[in-house]
Amino acid sequence: MAAVDSFQLLYREISRSCSFYYETLALVGALYAGSKALVLMKECCTLVRVHFLPRMIPTKRLTQQFGDWAVIYGASQPVAQAYAEELARRGVSIIFVAQEHTSLVRDAAASLSQNYGVETVVVLADLCLDQAACKPIKDAVRDKDVGFLVNCLDESLLVTHDVAVMPEQGALDAVHRNVTLVTLMARLVLPGMLERSRGAVVNISSAACRRTLPGRALLTASAGYLDQLSRALHLEYSDRGIFVQSLIPLQIASSERQPSTSRTPTSRPGFFTPNPEVYAHHAISTLGISSRTTGYWPHTLQCGLMSCIPEWIWVLGSRTFIGAS
């Protein structure tokens, strides 16, 4: 009995001497939990402000806010075509920039003109040749109120590429299309926007710029370039009336009207994998609101969860998943 009393006495003495440390640790824990709660509340408010309020509160027409014409580079990509359709639905005329006059681009231009009563122009410009290839684009935008430039990442980068074994010309073409030509398009369109002190540049890349994946080196690097270019341009020109937006979506399903080619992976539409038309409808509502967003609120939730995963767990999981597939 005495031993038990001695143990209790010893425990009380130790507790009394450590009470200060307990209170300190409790305070630190409360401050940490409070900071996380504030961050979560801020993210929820941002989610509502970017993705929900713009769709509920009427805003000015896009033509009044930015301009009457849009230049679409990467017109053969389903997401770019869907975004062009959303602009046309809002009364914006479209200039498609294509390297070859494919029936896909031609039919898309005719469909927009017929369904929405807007003007459409298809410009053939093989920008891989030389500087003279820029002349058709300059002629097309001359004397037009171009208020939008939409650049879209090449969807062929979604396929796994091993840089060490891929053809040299293929690597050069991928970098040229997704880095050089995107920068050149901004160079061609921005001067007119700056003269009018209004305009919007939308670069659609990929959330791969946030986390790397095995076999996606070109995708990650190209998306990262587009994302950083957008952020730098927005910092440089936002005070001169130009809004530059970086759209970094996750997986987008194959278009119902334009199935993916065999070069690109196919996916069925779902809550987290919208088809291009659904994604474009959501993304265009964030234009002028957020300069860097996924454009689709379920993707924003996914990116929030991705940011909570430690880097080493992400690398291990991605290697296991891609290796199994």
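Guide: A residue is called buried under 20% relative accessible area, exposed over 50% and partly exposed in between, with a 1.4 Å probe and protein chains only. This is a predicted model, in which local features need pLDDT of at least 70, side-chain atom pairs count only at pLDDT 80 or more, and totals for chains, interfaces and linings use all residues. Residues are numbered from 1 along each chain as its sequence is written, and side-chain values use heavy atoms, with hydrogens and water left out.

Visitor: Why is Ser-197 called partly exposed?

Guide: Its relative accessible area is 44%, which lies between the cut-offs of 20% and 50%, so Ser-197 is partly exposed. Ser-197 sits in the loop between α7 (168-196) and β5 (199-204), and has a positive phi of about 60° although it is not a glycine.

Visitor: What makes Asp-143 buried or exposed?

Guide: The relative accessible area of Asp-143 is 79%; that value is over 50%, so the residue is exposed. Asp-143 belongs to the loop between α6 (135-141) and β4 (146-152), and its phi, near 65°, is a positive value in a residue other than glycine.

Visitor: How do you know that the chain is more spread out than a compact globule?

Guide: The chain has 11 helices and seven strands, these being DSSP runs numbered from the N terminus (helices: H or I, at least four residues; strands: E, at least two). Its radius of gyration is 25 Å, well over the 20 Å that the globule rule gives for 325 residues, so the chain is more spread out than a compact globule. The radius is taken over C-alpha atoms, and the rule is 2.2 Å times the number of residues to the power 0.38. Along its principal axes, the C-alpha trace spans about 100 × 50 × 35 Å.

Visitor: How do you know that the span of helix α4 agrees with its 12 residues?

Guide: The expected span is 1.5 Å times one less than the number of residues. For α4 (residues 78-89) this gives 16 Å, and the end C-alpha atoms are 16 Å apart, so the two values agree.

Visitor: What makes α4 mostly covered?

Guide: In α4, 11 of the 12 residues are buried, among them Val-79, Tyr-83 and Leu-87. Across the chain, 42% of the 325 residues count as buried. Just after α4, Gly-91 takes a positive phi of about 90°.
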